[in-house]
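Dear colleague,

I am handing over the structure below, and my notes on what was found in it follow directly after. Please read them with the structure open beside you.

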Amino acid sequence: MKFGIVTFPGSNCDYDAHHAVTDALGAEAVYLWHKSHDLEGVDVVILPGGFSYGDYLRAGAIARFSPIMREVVAHAQRGGPVIGICNGFQIACEAGLLPGALMRNAGLQFVSEPVRLRVENPDTMFTNRYAAGDILRMPVAHGEGRYTADAETVAQLEGEGLVAFRYVNAAGETVPSANPNGSVNAIAGIVSAEGNVLGIMPHPERAVDPLLGSADGLGIFQSMMAHVSA
Amino acid sequence: MSRFRVSVNISPRQGILDPQGKAVAEALHSLEFAEVRDVRVGRFLVLQVDAADGAAASQRVRDMCEKLLANPVVEDYQIALVEES
């Protein structure tokens, strides 16, 4: 099982993702340079967090046209798993791998804090190690994380179980104070209609070790491992 | 082939929350510009484009907006000005 982590100019969570995959999960990981056209035979592609191309124009708008993204989109179209974390989620939306867009946080502030997520759908290749309703702790660190889509798209996401995670409070309720960016329906993570692309604003790769406050994010990597090995 | 100066206004689509615009409106209210009803904050781009005529330049910039400059999911754009430079 081999993970490929794309490094764009301005990516800054690629090393965290590498640490999560190799040290916490115990799988193989390679860095994929944005100018490369070779996915090097990886099973899973991770689009990591950061500020690719300085967030110029819109977060993710330029990264989407990197040479490697042509291969990433082809991999996704073949059904290959892709996980976009934070800036990676923004890139996946810009590239059309996921519907909707991530806009400026409703509170205008950059938010960097631990949040709670509720597992909405445990029947995906990214969440099969969790149970529905599990509450996870992970950090968020973003200025543009407000998930937005038209009403029809939101209805489709909700109706087809494509909402993977929602922001909740300690009691597991979706209340405005637990929603760090004003995302519609408190959406923190979604999967594509085909089920092989996950976009998530919080950082599971920074929550893989109890020493750093939480290991709740490891389940996402374990889920992918279980899926690809099956 | 002539060179055209094309400007593009990109703004958050109506109905989509624009927190920047809201913050600017509140700041204007606190400066006693009470008449301000709404503010939308967007981006303004000026492009120099070589094209056969103004219509062709504007059509090319429209394509650029659809593909890169605007995000049609959440933004509207207006090609505001085309002039030979």
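Burial here is a count of neighbours: a residue is buried if 20 or more other C-beta atoms lie within 10 Å of its own, exposed if 12 or fewer, and partly exposed in between, with the C-beta atoms placed from the backbone. By that count A:Ala151 is exposed, because it has 9 C-beta neighbours inside 10 Å.

The model is predicted, so local features need pLDDT of at least 70 and side-chain atom pairs count only at pLDDT 80 or more, whereas totals for chains, interfaces and linings use all residues. Residues are numbered from 1 along each chain as its sequence is written, and chains are lettered from A and ligands numbered from 1 in the order in which they are written.

Chain B has two helices and three strands, where helices (H or I, at least four residues) and strands (E, at least two) are DSSP runs numbered from the N terminus. Along the sequence, the elements of chain B follow the pattern β-α-β-α-β. The C-alpha trace of chain B spans about 50 × 25 × 15 Å along its principal axes, and 16% of the 85 residues of chain B count as buried. Its radius of gyration is 16 Å, while a compact globule of 85 residues would have one near 12 Å; the radius is taken over C-alpha atoms, and the globule rule is 2.2 Å times the number of residues to the power 0.38.

Helix H2 of chain B (residues 54-69) deserves a look of its own. The end C-alpha atoms of this helix of 16 residues are only 19 Å apart, short of the 22 Å that a straight helix would reach at 1.5 Å a residue, the expected span being 1.5 Å times one less than the number of residues. In H2(B), the residues B:Ala57, B:Val61, B:Cys65 and B:Leu69 are buried. Seen down the axis of H2(B), the buried residues fall within an arc of 85°, so they line one face of the helix; the arc is that of the directions from the helix axis to the C-beta atoms. On the other side of H2(B), B:Ala55, B:Asp63, B:Glu66 and B:Lys67 are exposed. The buried residues of H2(B) pack against strands E1 (2-12), E2 (43-51) and E3 (75-84) of chain B.

Where do the two chains meet? Nine residues of chain B are in contact with ten residues of chain A, contact meaning that the C-beta atoms, placed from the backbone, lie within 7 Å. Helix H1 (residues 19-30) of chain B gives the most to the side of chain B that touches chain A, with three residues.

In chain A, A:Ala151 is found in helix H4 (residues 151-159), and its C-alpha atom is separated by 9.8 Å from that of A:Val184, 33 residues apart along the chain.

Two residues of chain A have a backbone angle worth checking. Most residues other than glycine have a negative phi. A:Leu57, however, has a phi near 70° and is found in the loop between strand E3 (44-47) and helix H2 (67-77) of chain A. A:Asn185 has a positive phi of about 55° and is found in the loop between E9 and strand E10 (187-191) of chain A. A:Leu57 is partly exposed, with 17 other C-beta atoms within 10 Å, and A:Asn185 is partly exposed, with 16 C-beta neighbours inside 10 Å.

With kind regards

Conventions
Two residues are in contact if their C-beta atoms, placed from the backbone, lie within 7 Å.
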